[in-house]
Every structure is written in C-alpha cells, then in structure tokens.
Amino acid sequence: MRVNVTVNGRPRQADDVWEGESLLYLLRERLGLPGSKNACEQGECGSCTVRLDGVPVCACLVAAGQAHGRDVVTVEGLAARAGAAEGHLSPVQQAFVDAGAVQCGFCTPGLLVAADDLLERDPDPSDADIREALSGNLCRCTGYEKILDAVRLAAARTARSGQGA
Amino acid sequence: MDFLRPARWEEALAAKAEHPAAVPIAGGTDVMVEINFDHRRPSHLLDLTRVTELYTWQDAGDRVRLGAAVPYARVIERLAGELPGLALAARTVGSPQIRNRGSVGGNLGAASPAGDSHPALLAAGAEVEAESVRGTRLIPVEEFYTGVKRNALAPDELIRAVHVRKATGPQQFSKVGTRNAMVIAVCAFALALHPDTRTVRTGIGSAAPTPVRARTAEDFLNAALAEARCWDTGAPVPPAVAAEFARLASAACRPIDDVRGSAAYRRHAVGVMARRTLAWAWEQHTTGEGTARCA
Amino acid sequence: MRPTRTDLTQQSTRGGIGASTLRPDGGLKVTGEFAYASDLWHEDMLWGHTLRSPHAHARIVSLDTAEALATPGVHAVLTHADLPAATRYGLEVQDAPVLADGVVRHHGEPVALVAADHPETARRAAAKIKAVYEQLPVVTDEKSATAPGAPLLHPARADKHAPHVPHPNVVHCQPVVRGDVEAARARAHAVVTGDYEVGMQDQAFLGPESGLAVPAEDGGVDLYIATQWLHADLRQIAPVLGLPEDKVRMTLSGVGGAFGGREDLSMQAHACLLALRTGRPVKMVYNRFESFFGHVHRHPARLHYEHGADRDGGLLFVRCRIVLDGGAYTSSSPSVVGNAASLAVGPYACDNVDVEALALYTNNPPCGAMRGFGAVQACFAYEAQMDRLAAELGLDPVEFRRRNAVSQGSVMPTGQVIDAPAPVAELLRRVKALPLPPERQWETAGGSADLRALPGGVSNTSHGEGVVRGVGYAVGIKNVGFSEGFDDYSTARVRLESVAGEPVATVRTAMAEVGQGGVTVHAQIARTELGVAEVTLQPADTRMGSAGSTSASRQTYVTGGAIKAACEAVRERVLELGRAKFGTYHPAWATAELLLEGGKIVTDGGEVLAGLADVLDGEEPVEAERVWRHRPTEPFDLRSGQGQGHVQYSFAAHRAVVEVDTELGLVKVVELACAQDVGKALNPLSVVGQIHGATTQGLGLAVMEEIAVDPATGLVRNPSFTDYLIPTVLDTPAMPVDILELADAHAPYGLRGVGEAPTLSATPAVVAAVRQATGLPLRRVPLRPEHLTGTDVPA
C-alpha cells in the first residue's frame, strides 16, 4: 500500500508498505528518520513518541496506513518547530544536554517530544505535573532526576527569553 | 493483510459485513501490540480513524452518547463533570500517549477483564450501541462481556458509541497496580452513588473472567442505607455496614492466580477498595466535597 | 616516568578532570541523529529473524526448513546443521550452542535463523519451519537440579570447574573460610538466622539487541554492533564463522544501555552467519519480547545466613550459603560466584567466616552479568541480617553497622587487606544526618490529597488511609574491575598535532560507550594531561587493541588509565621536541618541571615557555599507544577462598524513606538518599547520574522487577514491558547524593569505580524501610503486595 504523510513539514511518500507496519517502522525504515526509537513496540516505554496531528502518541501503535494524510512531527523536527536556527537546538533539547539528562540516550527522543508538548501546554509546570506528563516515558539510565532538572531548566530559560517572544 | 480505510460510518459497516474477520482499529493501543508481537495476523484491518463522528459525543438527556473512538484524554478533559467515574478510570489508563489514542470503544472491543473503563461503566450504568448493516441495538454493558476477551458483538457488528448515564451523585474509581503509573490493573473497583434512585452501583475489574457488578453487595448496601435512613439524614455509613459491603464485594470476585497477582490478593484488595471508595463517595455526597485532587 | 602531580587535577585547562563537562554525543542524541545499532541501514540489506524454542528442555526430533526456504523473499534459513565451524561459544566456558544442536535447554533458545527481504517475510517463514520437539523433564531449582537421577544440563562437561564441584549441575562452588565459626558461635550473645530470596532481574536496557553485518569482498565480514566489549565478542564470533579475527571487523554503533546484558553474545554471530551465507548485508533487531530471551539476566538467589554478635554489638561470626541460579549455560556464572562468595559478609569486619556460594545449571533462562554482579544478592541478605541482629541486641541499626564497618587496613574474609580508604562508617553517618523529607506530602493546601504523592499514585487507591512511613538504611561493598587473576587491561592511542595553528588531541580506544559517559571523561583526561582544549575521540572498533569490558565499574579506571599513560608518553615526546626547538632560549627547559597547560608548555612555577602549536608546527603528529593494567589480582583458593582477589572496593550507603499503604500492600518510595565514596569525581555531573541510575535499578529490584519463571515448566511468564515493570518517573523519588572523595592511591587520579555500588544498597534500604513501616520480616525481593498483605500464593 502507498502512504502519503507530512513529516516535519515535508510531504513524504512510501510505497509497498505492508499493512501491518507501524508508523514507527515507516519513519525509521522507509523515510530515513530513525530518531524515534524502537524500545518496546507495545506502548509501554514512550521512546517512539511523535506528534500525530499535534498530539503526542506512540508511533509503534499507529498503523502506518492510519498516518496517511496526517501530519507527523518527530524528534528530528523539534528544533525547526521551535524556530531554532539551522544547526541549533530547541530549548528543551539544549536543556537535556546541559542538565545531564542524557546517558545512553535511547529514551531521549521520546522524552523530548513529551516534554516539548508539556511545556507548550504549561510553560511553568510543577514537579508533580512534570512527573505525570512524563510518566509514559521509561528511562533506564538516569533515574529521571536530571530529566526533571532539564524540563525545569527549559521552562526557566523559555520564561526568561520568552518575555519578548 | 488488507487495510480498509472507510471514510464514513456506513462504509465501515459495509466493510465489516463483507469481511466479518476484519479487525477494527482506531487508537491501535491493543491491536498494534498484537501485530507487533506477531500474536495476530488478521486478514483485514478496518481503520476507523477517518470516521470522524466516532470522535464526538452528544448530550442525550440523562446520558452521554460517547463516540466509540473518543480518546481517554478527551474524557478526562471534557467529561469529568458528567462522567466522573469514567474520567477517574481514564486517568489510570496507560500513559499520556496511550490516553491520547485509546478509547472506551476500544476497551469494550477488546473486552479484557483488566480494561479500565469497564468497572466505571458498570457502576454508572451504560449501554453499548452496536451496529451492523442489519441494524442497531443497545446492549446493556452488564450483558456485553461474555468471557475473557469476548463480547456480545456479532461478527458483522461494530461499536458506534457508548451511552453512559450522567452522574447524579459522586462516583469513585480505584485500581491496584504494582507501579505508580502505566500499569495494567491487578484489580479495580468502581462505585457510583445514584441519589435519584437511592441506589449504589459497583463494578469490579480484573477479578473475574469478565468485569462484573457486585450485585449482592449493592443490594445489601442499598437496603442497609435505606434502613439506617442515611440518604435522609446524610449520616455516615455505619462502619459495620461498610465492612459487610466490603466483604460482599470481595465475595463477588472470581479471581485467578496469575503473573500480575494472586487470587487471594485480588479478593482482599477489592474489599479494601470497596470500603474506601464508599467512604470517599459518601463523604462527597454528604459534604459536597472531594477528597482527592484531580490535577 | 614523570611523577604524577596531584595538582594536575585542579589545573587550568578547561574541561579537564573534575569539571562537569557535557557529553560529546549529547547534541546528536537530542536531535535523533545519533546512530544506534537498530538505526543502521544498508542498501540491499536483508532482515534476520530467530526461531526460538517454546520449551525449556526438549529434544529436537526433527527440523524441516524446506517450506520456509521456499517462501518468496527468503534468502537463507540456517540451523545447527549449517554451521561452518565452531558450534558453541561462551564468555568463560564455550557451552552455549550458536543454534540448538538436537536439544534445547531453556525457553527461548535459538533454534533456526531466517534472512528475508522484510521482517514480516522472515517471521512468516520462521513460522513455517517444522520443528518437532520431544519434551524432557526440567530442573529449575537446587532440589530438582541435584536430585538423584536429575537430568544433567551438560553431561560431558570438561570445563575447569568440573573437577571441584559437588554435582555436575553445579557450575562453580566457592567457599570462603576464615577463623573459627563454631567457637565464635559458642561465645555469641545474639544469633540470628534467616533465609532470603532474590528474584530474577532484567537489565531492561531500552535499546534492544541489534546490529548490521555486511559481507566483505575478502570473504570477511564487517559487523556494526551494540555491545559492551568488542574484543570479547570477536574472540567468540570468529571461530563460529571459521574466519581469522582480522577478517571479522567490528565497529561499535550506538548502544542503548547495557548494564551487563550485552556482555554475552546475542545476535552477533547470527547476523554474520546470515550475511556470509547470503552475500547480503543483514540487519537483526530484537523486539522487546525477544530481548527478554536474547540476553542473560541477574542470577536469582536463595541465601541462608547466620550472624552472631557479642553483647557489645561486635560481629563475631557470619555463616552463609548462597545458591545462585545460573540457568542453562555458563555465561559469567563462575565470576558471579566469586563475587558473591568474597563479598558475602559485606563491608563489615568479621574474623570468623564460613561462606559457600555456588551457581546451578538449570533449565531456567541463562543468567550472567548485571550491574552489581553477584554482590547485589548478598547485600540484600546481609543487610537484612544486620538489621535483625541490631534489633536483637537493642542497638540502633546504623550505629551497629558503624561499629562493625570495615575501614582502611581491615582484613576481608578472603584475607585481603583493604589498602585504600573505606569510609563505610562515614557514609552511614552522612546519609543518616540528612534531613528527613516532610511527612504527609500528599496533603494539599486545600486539605485534599494529591494522588501523585501517595502509594498507588493516580490509580486512586488511597487518600492517606492505611499509609505508614518507614525509614531504612543499608550499605554495600562492590569490587571494581575484573578480579581473581584476570588479565584486565586496556589499550589507548593518543595523538597530538597542530591543526590550523591549534593543538588538537585525538584519543582512540575500543571502549564501548553504552551511555555511562566514558567518552566524556576520557576526553577530560586527555585535556588535563595534554593541556589542550580540543580533543577528538575516534570511533571504537577492533582495529584498535582491546579496552576490556564496559562493566565492573572499570572503564574510567582502566581505559582512563591507558589514556593517561598514552598521554604521558605523548607529553614526554612533546617536551623533547620543545627542548630541541626552543631549549636554548630559556634555561627552565632544562631545569624546571614542565607541564602542558592551556595549550602551552609552562614551568611548574607558571612561566610560559612555548605554545604547544609552536612546538608541534611542522612536525609529524606525536602519537603513542599504551596498554595499561591495573595491579594484578589472584584467584581465590578453591577450598579456603583466600586470595588477593580484588583490585579495588567501592562503597555506597542509602537511606530510604517509604510510605506504605499497609492495607493494600502498595509502596511509595518518598526519598532515596545516597552517600558514596568515589575517590575522585572526574565528572561530578556524570557521577551523580551514575548514582541516580544505579539507585533506581536497586529500587526496581526492591519493589517491582522480576522475570517470573514457572517452576514447573521453566517457561518465562512475563517477557514484555507490560508485565516486567521498571520504575517510571512517578515511582522514582528525590535522590539526594552526597559524594565523598577519598583518593585511592593505587588508582589513576585516586578515582574509584562508581557505577555499581549504589545498585547494591538501594534494594535493602528500601526493604528495611518497608519492614519498619509494616513490621513484617520480608525475606524476598521484589516485594509484592501479596507479601505485605498475607495473600501470597501458598508455595
């Protein structure tokens, strides 16, 4: 089957898609966008989190055919979406690097998409709100402490720079 | 495998009539797991995500007609007033990502005894709107679950909506899992006060082959509350009544030992949740206040 | 060799050791560009798939692959009969079949391989392989494994442990005996005995096993792989392929966590076999279900302990027996046994010790390396015993521990003297001195309850009903580096050159970066040693000499040591060049001690003699390669367990604060504070990250993580993230960390391996806190609600 989908603002097409394929497979293996990660493929880890028509979802649980005609944003599109200059990071991405929130990094893309969504909805979340918003994203390396630091840091930096934006 | 993409409800019904083995998929939160792990290879996937009416809900007098594919996140955000028990249950489903995709209709279609919606639907009172090219029928939710992962749908039927009675009193939902988020129920309990009829209804999840009401416990409690004139006076539920209610709720379970929990624990926990949810709901009823913050 | 100057650790080059420099791969990891093994793609590549055994023990009666091979899109189907050379592999003993040879010995054992043009084609073809099994009786615990007439897992075993084990289904057995336990027992004022059990924990790294094998024109193969130790893989793969090692070229690709689970081979040889058979690149990626069968797990254990103390709280004797379940194949069980035995008493001084540790062969899933490696199981038991003994004596559990804590100069039960700081008592003092978190944090200003701060979380099980707080303490001891006489070394090559007028260092090792941040600290070492800002790390591959394993908390120590040594050699050569070029201009070239700092050659008085770039300009790059070893160790005596077995010890202490819904048996860990001696924090941010991660894995073992294996069938019951639960952010508490830096004079910069010790003590601290809250004995982890409510399935 053929699937047409807009990914990170670009219209993309894939042919000969097997009907049982997930959006995750489509992105990773057919569209050259392996940033979204294949950690569990059962919706229990959040590593494949992407935005589908703006809404964070597990790409592993979206059938590729369901994405036909839809709009997808992956970790590869976060910086551009945030208006970062070419070669620069979005505030959330930069905060993850700066706060030491990245170790092996396999959970990072999904966490970034989830955190980006949280900060868009709530620019100044409480710790409990951050925890609840990120509770669908497993991390095995960090114990989450530095991830919480990163989200707080991104929120604080955005608040400071956002005065004029 | 074929991928069917009906744009309208009638097309979906026609496709299901033509391919009764087709597996409907909306949020994909159950179906895609089975496909990814090679547990299921249906001949057809019937994608319902283009049938937009399934994502809407309507006020239908004393009920909400909830489209089959309305995601849990929407139930939490928009329907916590009319359907508080279902909203509480929805908040315990999977993860934020899952709640953005999964739906009550999907929960019913899968009919897992561990589905989080079921106890809340049983306690509130609900009917499943099932439809095929042959026509529409409303199935009381109690009759919908027919076995482990089995439901009352005919092969050519699809779930179009769920009709859930609007709350006339406080509702509670409680679920035990061995993790503080993103966990499948070891067991769950829902309770709804219906002051209009002076009745209490319940729902038990994951402690029997199907979701069930604890009818003996309900009958006992309804009689005991009437006898003690609690509805008239707003007096607290007598501890002995609460204890017996909990015991009967526990006795309504027919649980198994499995990798998620023991049968004995499930019976025990359902009793504890029954007692606690009754206390919370009754306090809300008598004081008009909640005791837990739904942030 | 130039003497090491301690002030180098505080010198002026930016981004050197002691600074919290950021990961060099951080940018790539947050943009999604970092290429993990599962992200690799090659034109014309095929997908490999593994058919696995549905039984824990069975004879393969027949295996018919004809229909699978005839499936359109299928390019190869391989079974044991197709193997070209060696048919078994293993880290310590070569007993694991590459593909099952007539018998399967555990659930999920690889039986056949398929290569096809799409993963679904490969799966469907695998389903067409007609495998007929005749089930055999299973052994799943000590009783069944050593019963008269028990089926033997490896009846013809000829490994080095075979002669000394009490039963052929025992992998290895290590006693440690010291003093006179019987006499001490007679003197004891208080004696406590207990039986403990630790469930099978999974590493649950998030990046599943994966790799890409590309056949080469020379008949060899290039393998891009996520692993912990390239050269150990190579040593095992090449014989299986029937190729010399130089024709199997391995390159490390991005690794999504490891924690011990990538120390053994998974799909490495399989992908290479398929690539060589088909002549096409082959990618293999396990999904989460398969991953649970694709790697070894932490050994489950049953432990029997007896502790005795005198009236004043002095530990008189410890007697224990530790039975580890190694599963069907050897993996690293012998070394795990060595750790369990030698660390069985914990960080306590005790003159009378009688320890026996052993590992079994069973039909359960194979077990091997996981963070904490044999020390975790013992720590759970001895810390429970220490609490009970303190209670028996009426002593405060922390004071009792401090009274018996080892310190520098203490003698371990193996006879080894601890010849570096061992601040066990101080670590305990520090965690105890931290302020306790406020009680009832779920209460909001409005008087309602914030579910997220309660046991059960948003599942709305309690608004405070039944909730009781408990506080618990634990401390542990872990060895650093490979022990028992293993030749543990690393290799590093360092180059210094002038690029566009700037001095640039290049560091090359074969170290596997698995997320721990080795790449960060290794660059820091080069900056410090060579005084340059710009350090490039080259990719790890087998064209470079071995770096050893990224395990045993050893890479900062050993590969760090190798880089430091190579840098020192480069520095000597640079100073020679400097003297030759500029020596006549300043007498200090000949007389002063010279340092490389801030891109310059300076005297120890701070006078600048030359820019590094000026020295290097027009010269060939200065390059040095060094193989570096930590000081040697020796095997433990097979009867007494005596021996200088370990290189270094590391210590961490935890205080856990929990709130338990005592009616429902649900646990909320409120805070998990850690104090750890790290010798020298080369990168404090990374050190804290390691402590947080290790602590969280210990928490997971305490309250939720277990691979459930059916004792009747040996089948795994929960191979998924739906039923094997690891902590979410809502299960993980605040984790204050107090870092102590007492230098170990034997280690580079005085550092101490960091990554494992907190995994040990987190688990018993949490359980101690739950015991305090509930009053229950709690002899098994992970705790389940059933254990806290008396509703467990009767055994």
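This is a predicted model: local features need pLDDT of at least 70, side-chain atom pairs count only at pLDDT 80 or more; totals for chains, interfaces and linings use all residues.
**Exercise 1. Find the partner of C:Asp222 in its salt bridge, and say where the two residues sit.**

*Solution.* Start with the side chains: C:Asp222 pairs with C:Arg249, and their closest N and O atoms are 3.1 Å apart. The cut-off for a salt bridge is 4 Å, so this pair passes. Next, look at the elements: C:Asp222 belongs to strand β12 (residues 221–225) of chain C, while C:Arg249 belongs to strand β13 (residues 248–252) of chain C. The two are 27 residues apart, so you've got a link between distant parts of the chain.

**Exercise 2. Which two chains does the pair A:Asp129 and C:Arg452 join?**

*Solution.* The side chains of A:Asp129 and C:Arg452 meet in a salt bridge (2.9 Å, N to O). A:Asp129 lies in helix α5 (residues 127–133) of chain A, and C:Arg452 lies in the loop between β20 and β21 (467–480) of chain C, so the pair joins chain A and chain C. If you're counting, the structure holds 98 salt bridges over all chains.

**Exercise 3. Describe how domain 1 and domain 2 of chain A meet.**

*Solution.* Get the bounds: the domain assignment of chain A gives domain 1 as 3–78 and domain 2 as 83–161. Their centres, taken over C-alpha atoms, are 21 Å apart. Then count contacts: 16 residues of domain 1 touch 15 residues of domain 2. Together the domains bury about 1,300 Å², with carbon and sulfur atoms giving 60% of that area. On the domain 1 side, A:Arg51, A:Val75 and A:Leu78 supply 44% of the area buried against domain 2, more than any other three residues.

Now the charges. Three salt bridges cross this interface. A:Arg51 also forms a salt bridge with A:Asp117, with the closest N and O atoms 3.7 Å apart. Strand β3 (residues 49–52) of chain A gives the most to the domain 1 side, with three residues. Sorted by class, that side has six nonpolar, seven polar and three charged residues.

**Exercise 4. How many residues do chain C and chain B bring to their contact, and how many salt bridges cross it?**

*Solution.* Chain C brings 50 residues and chain B brings 39. The area buried between them is about 3,700 Å², and carbon and sulfur atoms give 51% of it. Six salt bridges cross the interface. Take C:Glu663 and B:Arg275, whose side chains meet in a salt bridge at 2.4 Å, N to O. By class, the chain C side has 18 nonpolar, 17 polar and 15 charged residues.

Terms used: Residues are numbered from 1 along each chain as its sequence is written. Chains are lettered from A and ligands numbered from 1 in the order in which they are written. Side-chain values use heavy atoms; hydrogens and water are left out. Domain bounds come from an automatic or database domain assignment. Contact means heavy atoms within 4.5 Å. Buried area is the accessible area (1.4 Å probe) that two parts lose on being put together, summed over both. Helices (H or I, at least four residues) and strands (E, at least two) are DSSP runs, numbered from the N terminus. Ala, Val, Leu, Ile, Met, Phe, Trp, Tyr, Cys and Pro count as nonpolar, Asp, Glu, Lys and Arg as charged, and the others, Gly among them, as polar.
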